[in-house]
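Hi everyone, thanks for coming.

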Amino acid sequence: MASSFGTLFRVSTFGESHGPAVGCIVDGCPPQIPLNADDIQIELDRRRPGQSRIVTQRKEGDRAEILSGVVDGQTVGTPIAIMVRNEDQRSDAYKEMETAYRPSHADYTYDAKYGVRAVAGGGRSSARETIGRVAAGAIAQKVLATNLPGYQCLAYVHSVKDIVATVDPEKLSRELVESNIVRTADPVAAEKMIALIEEMRKEGNSVGGVIECVVRGVPAGLGEPVFDKLEAELAKAMLSLPATKGFEIGSGFGGARMTGLQHNDEFYTDDAGKIRTRTNRSGGIQGGISNGEEIVFRVAFKPTATVLREQNTVTRDGTATTLKARGRHDPCVLPRAVPMVEAMVHLVVADHWLRQRAQNA
């Protein structure tokens with residue numbers, strides 16, 4: 001089940017980067033959730049290639065087709081199948097990769113595992129696979145919006161290389177994130193980030209960075225106390241995304257430099273009688289279970305592995321050679337990864353909300 005994710009709200013993705021289509025099947029979505037293709041398209045448009053000058057210029061409409069599970073604008077409780085057709089494949093750009101392995105790609109490891117691979121576009125290892133995740137995440141978001149009115153998930157580019165955004169958490173909003181093409185919440189840093197990404201593109205190079213995510217309106221009690229801790233589920237979700245190399249929640253690695261008294265989040269009861277914490281170094285999760293505070297985490301993304309410069313490598317038979325990549329690629333994955341991060345959060349929270357409802361009905 002390597003292409004499936006979730007327990008009660010379960011998604012399976014399918015398709016290769018240069019095949020006829022990609023998509024997903026969602027099983028476990030509750031019935032009577034308002035849903036149409038536009039709900040899914042909004043998120044796919046945020047993920048699609050060609051949307052700005054700092055992302056890959058592959059031209060794809062990424063139009064979502066709902067094949068099943070939705071009747072008259074609402075879910076009916078049966079599996080929901082979503083398909084997006086590939087329209088702008090250029091498989092000839094990958095001819096050299098039939099025999100030579102691209103540095104830091106999955107070419108060699110796929111051969112080692114399967115003995116065969118889809119050469120064009122990297123097949124399943126391509127970020128194009130995430131279309132199915134983003135589509136499924138849009139459905140999960142509708143489930144959460146229907147049942148948790150205060151729920152909101154906001155991801156933004158926290159840093160690109162050594163350029164770090166300065167963000168006031170209280171002012172973080174979708175409108176602010178979407179106000180610039182790099183999808184950061186700091187307009188000043190945005191200009192510097194864009195300039196750096198454009199410089200990398202001109203040099204045939206690439207750059208990585210960090211995405212931070214703030215999740216609001218998650219009630220206390222979601223998550224399991226041992227193996228399915230909510231932060232463990234989020235970590236797995238994030239590290240399953242292409243190009244991810246690190247995950248930290250709350251104080252993260254910085255917490256290792258604190259004492260217990262410095263790190264502990266003290267409890268208090270607010271004016272409405274709700275139990276809160278005065279600080280949030282736990283990142284909204286304690287003992288693997290949400291505590292009702294904002295869930296805050298960060299995900300590190302490596303520089304895009306495809307660079308348009310000659311590099312040393314070997315062929316399938318181990319012969320030394322060089323390889324210069326061709327094709328259309330993101331010089332930085334971060335702007336298009338923002339909706340991917342949010343989608344995976346929706347999937348995790350929806351799944352655990354259903355699990356909590358089933359266990360404690």
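**Around methionine 238**

Let's begin at methionine 238, which touches Thr244, Phe247, Phe297, Val299, Val341, Met344 and Val345, leaving aside residues up to four places away in sequence. Contact here means heavy atoms within 4.5 Å.

A quick word on the model. It is predicted, so local features need pLDDT of at least 70 and side-chain atom pairs count only at pLDDT 80 or more, while totals for chains, interfaces and linings use all residues. Residues are numbered from 1 along each chain as its sequence is written, and side-chain values use heavy atoms, with hydrogens and water left out.

Back to our methionine. The largest nonpolar core has 77 residues, and the members that touch the most others are Phe9, Met238, Phe297 and Val345. By nonpolar core I mean a set of buried Ala, Val, Leu, Ile, Met, Phe, Trp, Tyr and Cys residues joined through side-chain atoms within 4.5 Å. Buried means under 20% relative accessible area, exposed means over 50%, and partly exposed lies in between, with a 1.4 Å probe and protein chains only. Which helix gives the most to this core? Helix 8 does, with 14 residues. There is also a second, separate core of seven residues, including Leu154, Val177, Ala185 and Val296.

Staying with helix 8, which covers residues 334-359, we find aspartate 351 there. Is aspartate 351 buried or exposed? At 2% relative accessibility, aspartate 351 counts as buried. Its contacts, again not counting residues up to four places away in sequence, are Gly6, Thr7, Leu8 and Phe9. You'll remember Phe9 from the list of core members that touch the most others.

Now for a contrast, please find threonine 146 in helix 3, residues 130-147. Threonine 146 is partly exposed, with a relative accessible area of 42%. Threonine 146 and proline 34 are 112 residues apart in sequence, yet 8.3 Å apart in space, C-alpha to C-alpha.

Let's zoom out to finish. The protein has eight helices and 18 strands; these are DSSP runs, H or I of at least four residues for helices and E of at least two for strands, numbered from the N terminus. Buried residues make up 52% of the 361 residues. Finally, among contacts between residues at least 6 apart in sequence, 71% join residues at least 24 apart.
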